[in-house]
Amino acid sequence: PTHFCIQAATAASHYRSRSSWRKMSGKSQEVSEFPRRRVALAVDGSEFTKRAFEWYAENIHRDGDVVILVHAFEVPVPTLLGFGESVVIGEAYQAQVQAAQDRALALLREYAAMCESKKISCQKVIETIEDSAGSAICHVAKEKGAHMIVMGSRGQGVLRRTFLGSVSDYVIHHSHLPVSVIPPKK
């Protein structure tokens with residue numbers, strides 16, 4: 001899968017990790033209780049993603065965490081028509097690709113602003129889907145050194161998941177990281 005890192009955004013000017021002082025051999029030494037974690041958060045603009053973000057921020061976020069905002073999107077597939085129309089189609093195709101990228105950037109900016117409002121450091125990554133959204137999320141999490149993945153679930157029934165598949169099911173079964181799937185509100 002191909003991806004490009006949009007930018008690294010730091011929400012707070014500095015980070016203080018929770019720490020304690022330990023006395024060893026007569027010398028005081030600061031020991032970090034919680035090392036810096038990298039948490040991949042899959043975002044798609046749905047209410048389920050917002051719920052997952054809020055759950056992360058309220059329940060497991062620690063000072064110093066870096067959230068990797070991952071948005072996987074499909075590049076529109078060009079339609080092949082007659083030979084003479086290739087220039088027009090090429091321009092229309094480029095416009096569709098640019099519109100998809102612009103929507104992805106706007107989505108990531110929205111989540112970066114949410115991170116900033118909660119003083120959470122974040123990095124934004126757009127991943128183009130070559131295989132599946134789940135595969136793209138797993139790839140970015142591994143490549144960026146994430147310690148865990150947090151994502152929302154649409155709450156599909158068993159039958160629908162069986163025939164249509166589920167991004168969260170894919171990530172749970174293919175990622176070698178802990179995965180937190182946040183269910184929809186009942």
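This report describes the salt bridges and the cysteines of a predicted model.

## Salt bridges in the whole structure

A search of the whole structure gives 3 salt bridges. They are taken in turn below, each with its place in the chain and the accessibility of its two residues.

## Arg37 and Asp65

Arg37 is paired with Asp65 in a salt bridge whose closest N and O atoms are 2.7 Å apart. The two residues are 28 residues apart and link distant parts of the chain. Arg37 belongs to the loop between β3 (27-32) and β4 (38-42), while Asp65 belongs to the loop between α1 (47-60) and β5 (66-73).

Both partners fall under the 20% limit for buried residues. Arg37 has a relative accessibility of 14% and therefore counts as buried. Asp65 is likewise buried, with a relative accessible area of 1%.

## Glu110 and Lys50

A salt bridge joins the side chains of Glu110 and Lys50, with an N to O distance of 3.1 Å. Because Glu110 lies in helix α2 (residues 86-117) and Lys50 in helix α1, this pair ties together parts that are 60 residues apart in sequence.

Glu110 counts as partly exposed, at 34% relative accessibility. Lys50 also counts as partly exposed, and its relative accessibility is 36%.

## Glu54 and Lys118

The side chains of Glu54 and Lys118 form a salt bridge at 3.4 Å, N to O. Glu54 is located in helix α1 and Lys118 in the loop between α2 and β6 (121-128), so the contact ties together parts that are 64 residues apart in sequence.

With a relative accessible area of 29%, Glu54 is partly exposed. Lys118 is partly exposed too, with a relative accessible area of 35%.

## Cysteines

The structure contains 0 disulfides. Cys122 is in no disulfide, and the nearest cysteine sulfur, that of Cys115, lies 4.2 Å away.

Cys122 has a relative accessibility of 3% and counts as buried. Cys138, at 13% relative accessibility, counts as buried as well.

## Summary

In this predicted model, the bridge between Arg37 and Asp65 involves a buried arginine and a buried aspartate. The bridge between Glu110 and Lys50 has a partly exposed glutamate and a partly exposed lysine. The bridge between Glu54 and Lys118 likewise has a partly exposed glutamate and a partly exposed lysine.

Terms used
Residues numbered from 1 in each chain as written. Predicted model: local features only at pLDDT ≥ 70, side-chain atom pairs only at ≥ 80, totals over all residues. Heavy atoms only, no water. Salt bridge = Lys/Arg side-chain N within 4 Å of Asp/Glu carboxyl O. Helix = DSSP H or I, 4+ residues; strand = E, 2+ residues; numbered from the N terminus. Buried < 20%, exposed > 50% of the residue type's maximum accessible area, 1.4 Å probe, protein only. Disulfide = S-S within 2.5 Å.
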